Amino acid sequence: MQRIIIEKTTSANEYAKKLAETENSDIVVIAKEQTAGRGRKGRCFYSPKGGIYMSFLLHPEINPEETLTVTVKAAVSTARAIENILGIRVDIKWVNDLYKDGKKVCGILTEGRYNSDKKAFDYVILGIGVNLFYPENGFPEDLKEIAGSLLSEEKDGVFNKLTEEIIKEFLLLYNSHTDYLSEYKSRSNILGKEIEYLENGRVYTAKAVDIDEKAELVVIKNGKKLCLNSGEVKINMKKLK
Ligand code: BTN
């Protein structure tokens, strides 16, 4: 897969989206800093130097419901890569956040353009942001309690090693039909726990009991089984501690 490595950009996902207009092959964009990093639900993703901000431009033959599986494969492969290179075990908070010692160290944002005439995606962009080294100026006040980094200080060679390992592990899973859900579940930090989720502006309490083959979260609420997808759920981190 072709790699494009850049020092700084607004957002690697945005960069990959522009590439998608002219490129039909799969490419990965790797940035060392983002000035307008994006998170899910329109949030910002703090992206100073010291992190890995990578976006895969992909052309999978999937339908819209299957994009969640691309995200889940990315979460499992990034967790594996971190363990292989750094020897650090990270948990996965459904659906796509990686945690080390209770702090978020990686976020994943999957976006795509679906062509309803062709009934296929023109492209899918998978963005992975890893807080590798502790940022020079620390985390902003509003992130201090929730964000962390994998390593406390910069180490030569680690950026490239981890980036390449994430690419390797992701491509292995992306191109295969092997089981990844059992590892995803074994790394989950919410299964078996009480969670809170947001639906139509109201907060509900439920117990997370499983993650199904579509990567939806299965919960029990008032004795009834429900399947939640990322669009409607907010997990209350206080309940995880
Ligand atoms: C989240 O935690 O809500 C998702 C964060 C995704 C961040 C990555 S970094 C590379 C790519 N470019 C972006 O602007 N966002 C994603």
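In the ligand site, a nitrogen atom of the ligand is 2.9 Å from an N or O atom in the side chain of Gln34, a polar contact in the sense of a pair of N or O atoms within 3.5 Å. (Within protein, one atom of such a pair must be able to donate a hydrogen and the other to accept it, and residues adjacent in sequence count only if both atoms are side-chain atoms.) The structure is a predicted model, in which local features need pLDDT of at least 70 and side-chain atom pairs count only at pLDDT 80 or more, while totals for chains, interfaces and linings use all residues. Residues are numbered from 1 along each chain as its sequence is written, and side-chain values use heavy atoms, with hydrogens and water left out.

In total 20 residues surround the ligand, and the closest are Ser11, Gln34, Arg38, Arg40 and Lys104; a residue counts here if one of its heavy atoms lies within 4 Å of the molecule. Ser11 places a polar side-chain atom 2.8 Å from a ligand oxygen atom. Arg38 instead uses its backbone, with an N or O atom 2.7 Å from an oxygen atom of the ligand.

Helices (H or I, at least four residues) and strands (E, at least two) are DSSP runs, numbered from the N terminus. The buried residues of helix 3 include Val158, Phe159, Leu162, Ile166, Phe170 and Tyr174, where buried means under 20% relative accessible area, exposed over 50% and partly exposed in between, with a 1.4 Å probe and protein chains only. Among the elements that cover these buried residues are strand 1 (2-6), strand 2 (27-31), strand 3 (52-58), helix 2 (67-86) and strand 7 (120-130); contact means heavy atoms within 4.5 Å.

Aromatic rings come next. A search of the whole structure finds 7 aromatic pairs. Rings of Phe, Tyr and Trp (its six-membered ring) pair if their centres lie within 6.5 Å, and planes under 30 degrees apart count as stacked, over 60 as edge-to-face and the rest as tilted. Phe45 and Tyr53 form an edge-to-face pair, because their planes stand at 75 degrees, with the ring centres 6.4 Å apart. Phe45 is buried at a relative accessible area of 16%, and Tyr53 is buried at 2%. Phe170 and Tyr174, by contrast, are stacked, at 5.2 Å centre to centre and 25 degrees between the planes. These two residues, Phe170 and Tyr174, are 4 residues apart in helix 3, so about one helical turn separates them. An α-helix has 3.6 residues a turn, so residues three or four places apart point the same way. Phe170 is buried with a relative accessible area of 0%, and Tyr174 is buried with 16%. Tyr46, Tyr134 and Phe139 form one aromatic cluster.

Some rings also meet a charge. A charge sits over a ring if NZ of Lys or CZ of Arg is within 6 Å of the ring centre and within 35 degrees of the ring normal. Lys32 lies over the face of Phe159, 5.5 Å from the ring centre, and Lys221 lies over the face of Tyr204 at 4.2 Å.

Several loops hold backbone details worth a look. The peptide bond from Trp94 to Val95 is cis, with omega near 10 degrees, and Val95 is in the loop between strand 4 (91-93) and strand 5 (97-100). Lys119, a residue other than glycine, has a positive phi near 55 degrees; Lys119 lies in the loop between strand 6 (103-115) and strand 7 and counts as exposed at 64% relative accessibility. Ala215 also has a positive phi, near 70 degrees, but Ala215 is buried at 1%.

Two further loop residues are buried. Asn131, between strand 7 and helix 3, has 10% relative accessibility, and the Asn131 side chain reaches the backbone oxygen of Gly148 at 3.1 Å. Gly51, in the loop between strand 2 and strand 3, has 3% relative accessibility. Leaving aside neighbours within four places in sequence, Gly51 is in contact with Ala31, Lys32, Val130, Leu132 and Phe159.
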